[in-house]
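The sequence and the structure come first.

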Amino acid sequence: MQKKTIAVLFGGRSVEHDVSVLTGLQFLEALNPAKYQGLPVYVDPLGQMWTGDALLKRSNYPVSGQSAGLTEVKLDLSAAPATGRPAFTVSKKGLMGTKQENLYFDLLVPAIHGSNGEDGSLQGLLEFAGIPFAGCRSLGAAATMDKAFLKSCARHNSIDVLPEIKISRPAKGSFLQEEEITAKLAAGIPDWSFPLIVKPCNLGSSVGVGKADDMDGLIAALMTAFRVDSSVIIEPFVPNLCEYNVAVRRDQDGNIHTSAIERPLMDAELLDFKNKYLAGGSPGAPKLDTGPSEGMASLNRELNPEGLSAEQESFIRDSASRIFEALSLAGSVRIDFLSNRKSGEIWLNEVNTIPGSFAYFLWEAASEPLSFLALSDTIIAEGFTLSAQRLGLTDAGTGGATIFANG
């Protein structure tokens with residue numbers, strides 16, 4: 001059987017660029033060599049796409065295009081409809097001028113976190129071009145990236161979430177007014193008080209998250225978050241905070257499965273990007289530096305944590321499965337919860353449709369363990385199935401919508 005080529009797209013124009021590199025390299029390593037060959041495609045911060053063997057070594061990052069011996073590629077949006085197989089194009093200069101060559105693949109695996117990759121924009125482009133891809137479709141990706149919209153969906157499905165207000169970035173030249181913020185807080189969060197938590201509305205990896213102990217701190221946290229997103233949400237601060245995460249997927253028969261539950265260990269009162277990814281040693285040194293297989297898996301955590309009551313575990317698994325089903329999600333999705341250790345209260349926090357490391361470590365620790373290689377197989381197989389199911393015939397005559405008759 002001829003091996004299928006799996007293109008893994010990572011990097012991207014996002015503040016989560018570096019985390020995405022780690023996730024993409026991990027997935028390439030987890031491909032079944034008997035069935036697939038990987039095609040690494042790196043999207044640099046300017047949006048240019050590159051491929052080449054140098055991408056496979058994390059020690060080469062940050063990588064710089066041609067200076068690293070990489071080849072620039074472009075996604076051919078017409079290849080799949082025209083030839084039945086998607087492709088990247090490569091421009092090669094010769095004696096007779098520039099020649100376009102195709103680099104064909106069979107399925108694309110998005111491993112881009114956050115903006116321009118996890119928010120439905122990439123998924124919509126791939127659907128438009130008829131390119132088979134893995135993971136969530138455009139609806140689920142877009143719905144989960146917007147934290148305010150996600151929480152509205154959760155409430156509609158009777159899943160507990162914290163109250164919040166949403167604030168848009170002020171127009172250029174204007175400023176946030178304390179009275180306006182106070183009025184919105186009073187309307188959206190009854191009996192609100194400091195401290196409060198500020199979060200970018202459309203980012204992950206805890207980028208831009210801040211705690212505010214007073215109004216000055218709140219305005220400062222808002223301005224910081226507005227540097228990375230055009231809208232933010234404000235929520236009550238949860239005292240005695242602990243977090244719980246669980247991954248969800250669907251098998252080939254349509255049954256939903258949940259993974260082991262993890263409790264990230266925190267050195268601070270909130271789990272921000274620095275706590276998640278950076279070591280306490282040299283500045284900028286990632287915790288994941290011991291080898292290319294390490295990623296979110298190296299985060300300090302307690303798997304299947306003690307002290308989690310049967311009622312809390314049931315809430316986590318049931319809520320995660322219901323939001324997964326309600327938004328027609330796919331792939332390996334990680335769903336995060338907040339809890340007050342003392343009161344036992346628990347709330348759905350956010351949904352990550354392309355989680356760090358594809359949450360493989362949670363599946364390896366599940367009651368029915370699944371290796372990363374087996375997980376990558378299921379993600380790829382599901383991607384082929386969902387892509388094939390998307391549309392029926394698309395010609396106007398079939399739908400009885402012909403206006404212009406053929407001559």
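## Terms and model

Helices and strands here are DSSP runs numbered from the N terminus, a helix having at least four residues (H or I) and a strand at least two (E). By that scheme, Asp191 falls in the loop between α6 and β9.

The model is predicted. Its pLDDT averages 89 over the chain, and 90% of the residues score at least 70. Residues 279–293 have a pLDDT below 50, and in the model this stretch has 31 contacts beyond near neighbours in sequence.

## Backbone features in loops

Most peptide bonds are trans, and most residues other than glycine have a negative phi.

The bond from Tyr61 to Pro62 is cis, with omega near 0 degrees, and Pro62 sits in the loop between β3 (49–51) and β4 (71–76). The bond from Phe194 to Pro195 is also cis, with omega near 5 degrees. Pro195 belongs to the loop between α6 (178–188) and β9 (196–200), and Asp191 is likewise placed in the loop between α6 and β9.

Asp191 is not a glycine, yet its phi is positive, at about 60 degrees. Is Asp191 buried or exposed? Its relative accessible area is 79%, so Asp191 is exposed, the cut-off being over 50%. Asn116, another residue other than glycine, has a positive phi near 60 degrees. Asn116 lies in the loop between β7 (107–110) and α3 (121–129), and it counts as partly exposed because its relative accessibility is 32%.

## A nonpolar patch

Leu77, Leu125 and Phe128 make a nonpolar surface patch of about 300 Å². Phe128 is located in helix α3. With a relative accessibility of 67%, Phe128 counts as exposed.

Where is Asn245 placed? Asn245 is part of strand β12 (residues 241–250). Its relative accessible area is 3%, so Asn245 is buried. Leaving aside residues up to four places away in sequence, Asn245 touches Ala260, Ile261, Glu262, Pro264, Arg334, Ile335, Asp336, Phe337 and Leu362. With one of these, Glu262, the side chain of Asn245 makes a polar contact of 2.7 Å.

Glu262 also has a charged partner: its side chain meets that of Arg301 in a salt bridge, 2.2 Å from N to O. Elsewhere, salt bridges that share partners join Lys151, Arg155, Glu164, Lys199 and Glu235 into one network.

## Other salt bridges

How many salt bridges does the count come to? With a nitrogen-to-oxygen limit of 4 Å between side chains, the count comes to 19 salt bridges.

Asp146 and Lys166 form one of them, at 3.4 Å from N to O. This pair links distant parts of the chain, 20 residues apart: Asp146 is in the loop between α4 (138–145) and α5 (147–156), and Lys166 is in strand β8 (residues 165–168). Asp146 is buried, with a relative accessible area of 17%, whereas Lys166 is partly exposed, at 39%.

Lys184 and Glu180 form a salt bridge whose closest N and O atoms are 3.8 Å apart. Both residues lie in helix α6, with a separation of 4 residues, about one turn of the helix. Lys184 is partly exposed at a relative accessible area of 32%, and Glu180 counts as partly exposed at 44%.

Technical notes
Residues are numbered from 1 along each chain as its sequence is written. This is a predicted model: local features need pLDDT of at least 70, side-chain atom pairs count only at pLDDT 80 or more; totals for chains, interfaces and linings use all residues. Side-chain values use heavy atoms; hydrogens and water are left out. Buried means under 20% relative accessible area, exposed over 50%, partly exposed in between (1.4 Å probe, protein chains only). pLDDT is the predictor's confidence in each residue, from 0 to 100. Contact means heavy atoms within 4.5 Å. Patches are made of residues with over 30% relative accessible area and no salt bridge: like charges are joined within 9 Å, nonpolar side chains (Val, Leu, Ile, Met, Phe, Trp, Tyr) within 5 Å. Accessible areas come from the Shrake-Rupley method with a 1.4 Å probe; for residues, only the protein chains shown count as cover. A polar contact is a pair of N or O atoms within 3.5 Å; within protein, one must be able to donate a hydrogen and the other to accept it, and residues adjacent in sequence count only if both atoms are side-chain atoms.
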